[in-house]
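Here's a quick tour of one protein chain. Have a look at the fold, then read on.

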Amino acid sequence: MNEKQVKLPNEHDKDVLLNIKDLKKYFPITAGFFKKTVGHIRAVDDISLYVKRGETVGLVGESGCGKTTLGKCIVRLQQPTAGALEYRFGEKFSDMLQLSKKEKFAAHRKIQMVFQDPYSSLNPVKNIFTAFDEPMRVHGMKNPEERKEKIAHLLESVNLPADYMYRYPHEFSGGQRQRICIARALCVDPELVVCDEPVSALDVSIQAQVLNLMKDLQDKLNLTYVFIAHDLSVVEYMSDRIAVMYLGKIMEIAKSKSLYYDARHPYTEALLSAIPIPRIEEKKGRIILEGDVPSPANPPKGCRFHTRCRKCIDICTKEEPKFLPTKDDPEHFVACHLAETVDPSELES
Ligand code: SF4
């Protein structure tokens, strides 16, 4: 491969909506009477990731790998410790962590979140009309008649009758509540929606309905999703690209099909081997991961996965592998000493 042949996305790429650069979120661990900081939980540790307009990027990994914290940093429910969150506002690309108060307020409207639990996401003493009307009013949207019309339209778009707007959350089933939460996230016309395990609290029979609805809304409204889930089959169904996280870092990212059929990281291989396959003749051996996930307060030296990796070699315990594109697919990135990746000197800055 020629020198400087692999180009990474940057602020000049018109289709990149969000560009996360070297993002970190550390939570302090305090001890003693004076609450002295004695360490940090590295929930998100130096993550770089781009999201293109109109695509769905899935985030998968075990509980505690940092995927929800990353989602909360994107919607600014958590203040990152370091790094940049560059977002395209029209033609301009700005770091959301450096915006003025007024600009931040406008930016909040562009990025919304749908949470895992539809039961605690809605205020039980507010009816649906109030839950939708408040954010629209706060963002200075339209007159009362237009807002009411919009609420009716949003409810219909998630297959609920418009007159349900005067009902209270306890009058709905789990699936209906999650559809209401999705519609509420859309009431301020966002461009990017971070969906944090949006179907994991629902019955399996309802999950497909909600996922299909989210896909339809994405097509109609040209939405961009960051889709967080631990269920790999759900993520594959929803996502254009998938990022696999482990202990606060992205281990592998690729287009969905490429990740499922040509995984390059031993951790991804182990996760994929755990997916149930309906046809017995296609069943592959399950890779059982030994040991527990190490503490994010004290991650292992070298490759973070080396304490559980069946392919671990000497260098893995000493040197952290770089997160680099693979030689045959510049959109397939992996952090593993054994993967065939491009030489860092071949990357165009
Ligand atoms: Fe396993 Fe080594 Fe690759 Fe880490 S770098 S995933 S320990 S082979």
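Let's start inside: helix H9 has Pro266, Tyr267, Thr268, Glu269, Ala270, Leu271, Leu272 and Ser273 as its buried residues, where buried means under 20% relative accessible area, exposed over 50% and partly exposed in between (1.4 Å probe, protein chains only). Helices (H or I, at least four residues) and strands (E, at least two) are DSSP runs, numbered from the N terminus. Keep in mind that this is a predicted model, where local features need pLDDT of at least 70, side-chain atom pairs count only at pLDDT 80 or more, and totals for chains, interfaces and linings use all residues. Residues are numbered from 1 along each chain as its sequence is written, and side-chain values use heavy atoms, with hydrogens and water left out.

**Helix H9**
- Since 8 of the 8 residues of H9 (residues 266-273) are buried, the helix is largely enclosed by the rest of the structure.
- What do the buried residues of H9 pack against? Their neighbours are helix H7 (232-238), strand S10 (241-246), strand S11 (249-255) and helix H8 (256-261), with contact meaning heavy atoms within 4.5 Å.

**The whole chain**
- You'll find 9 helices and 14 strands in the chain.
- For 349 residues, a compact globule would have a radius of gyration near 20 Å, and the chain's 21 Å agrees with that; this radius is taken over C-alpha atoms, and the globule rule is 2.2 Å times the number of residues to the power 0.38.
- The C-alpha trace spans about 65 × 55 × 55 Å along its principal axes.
- Of the chain's 349 residues, 50% count as buried.
- Looking at contacts with a separation of 6 or more, 62% come from residues 24 or more positions apart.

**The sheet**
- Eight strands make an open sheet with mixed pairing, in the order S7-S8-S9-S4-S10-S11-S13-S12.
- Its edge strands are S7 and strand S12 (324-325), each of which pairs on one side only; two strands pair if DSSP finds at least two bridges between them.
- S7 (residues 111-114) and strand S8 (residues 192-196) run parallel and are joined by 4 bridges, and Met113 has Val194 as its bridge partner in S8.
- In a regular strand, side chains alternate between the two faces of the sheet.
- In S7, Ile111 and Met113 point one way, Gln112 and Val114 point the other way, and all are buried.
- Strand S4 (residues 56-60) pairs with S10 in the parallel sense over 4 bridges, with Val60 opposite Val244 in S10.

- Most residues other than glycine have a negative phi.
- Asp22, in strand S2 (residues 16-31), has a positive phi near 45° without being a glycine.
- Is Asp22 buried or partly exposed? Its 43% relative accessibility makes Asp22 partly exposed.
- Leu247 sits in the loop between S10 and S11, and its phi is positive too, about 50°, although it is not a glycine.
- At 2% relative accessibility, Leu247 counts as buried.

**Leu155 and its neighbours**
- Leu155 belongs to helix H4 (residues 144-157) and is buried, with a relative accessible area of 1%.
- Leaving out residues up to four places away in sequence, Leu155 touches Ile128, Phe132, Leu160, Pro161, Ala162, Tyr164, Met165 and Ile180.
- Leu155 and Arg184 are 29 residues apart along the chain, and 8.8 Å separates their C-alpha atoms.
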